[in-house]
Amino acid sequence: MDVLAKLRSPDLTRLQGRRTRLLRRWLAAGLLLTGLLLVAHPGSARGAPTIPTVVAARDLPSGAMLRAADVRLADFPGEARPSGALSALDVAAGRLLAGAVRAGEPLTDVRLASTIPAPGDPATATVPVRLADSAVAELLRPGQRVDVVAAPGPGASASVLAGGATVVTISSPDAASARPLAGPAKGPLVLLRLPEAIATRVAAISLDRPVTVTLR
């Protein structure tokens, strides 16, 4: 009788163990799906309203001119969106970055340099100038306005060569230090945008006399 009873009665312990394992698997799968939704749509997954925000599509260096492939839109909840963040891609197009950004980082108004004259403007030209003091170059940012000053030379006193020049970009300090230079190390190469006639004069004088800039 005992043998028949054992054969007929279900193994309740085994069934309960299977149900428990199955329940745990479904619970783990549900938590994983919820986590993926929170990562992909942090605001909408929580029911909070989101705002389209311009973010960097890849790592970008300081001074880079933004193109369509460099930016994208992402949804950010209002409380996580930084102040001054851009909402439209066309606002960022053609602008210069005032500092390096990481992929996925929201772009704000302070991350963009002031508007500079278009490269194709026939009334302006871009002049490469190596500043006499590397410490001055470290203070510059793309879009910044500066005055170009030439140091005293033979038969010439210190003079302002150009006012209101726009900083386009600053070369890497490593590139400047890689070249052997006579005398004290000069600063990195700085690209300045100026009216064409003044740009020619600045380029010529900077070959013979040390040049620096004053900040506005």
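This is a predicted model: local features need pLDDT of at least 70, side-chain atom pairs count only at pLDDT 80 or more; totals for chains, interfaces and linings use all residues.
## Confidence of the model

The protein chain has a mean pLDDT of 76, and 72% of its residues reach 70 or more. Within residues 174-184, however, the pLDDT is below 50, and this stretch has six contacts in the model beyond near neighbours in sequence.

## The sheet as a whole

Five strands make up an open sheet, arranged in the order β3-β6-β5-β4-β7 with antiparallel pairing. At its edges are β3 (124-130) and β7 (211-215), each of which pairs on one side only. When direction is ignored, neighbouring strands of this sheet are turned by 45 degrees against each other on average.

Strands of a sheet pair through backbone hydrogen bonds, in either a parallel or an antiparallel way.

## Pairing from strand to strand

Strand β3 runs antiparallel to β6, and the two are joined by seven bridges; within this pair, Arg130 stands opposite Leu189 in β6. Strand β6 (residues 189-195) is also joined to β5, again in the antiparallel sense, by four bridges.

On the β4 side, strand β5 (residues 159-170) pairs with strand β4 (residues 145-150) over five bridges, and this pairing is antiparallel.

## Ala165, a residue in β5

Ala165 is found in strand β5, and because its relative accessible area is 0%, Ala165 is classed as buried. Leaving aside residues up to four places away in sequence, Ala165 touches Gln144, Arg145, Val146 and Val148, as well as Leu192, Arg193 and Leu194. Ala165 and Asp147 are 18 residues apart along the chain, and their C-alpha atoms are separated by 6.0 Å.

If residues up to four places away in sequence are not counted, Pro128 touches Leu189, Val190 and Leu191. Pro128 and Ser206 are 78 residues apart in sequence, and the distance between them in space is 9.3 Å from C-alpha to C-alpha.

Technical notes:
Residues are numbered from 1 along each chain as its sequence is written. Side-chain values use heavy atoms; hydrogens and water are left out. pLDDT is the predictor's confidence in each residue, from 0 to 100. Contact means heavy atoms within 4.5 Å. Two strands pair if DSSP finds at least two bridges between them. Axes are lines fitted to C-alpha atoms, for helices over the stretch in contact, and angles run from 0 to 180 degrees between N-to-C directions. Buried means under 20% relative accessible area, exposed over 50%, partly exposed in between (1.4 Å probe, protein chains only).
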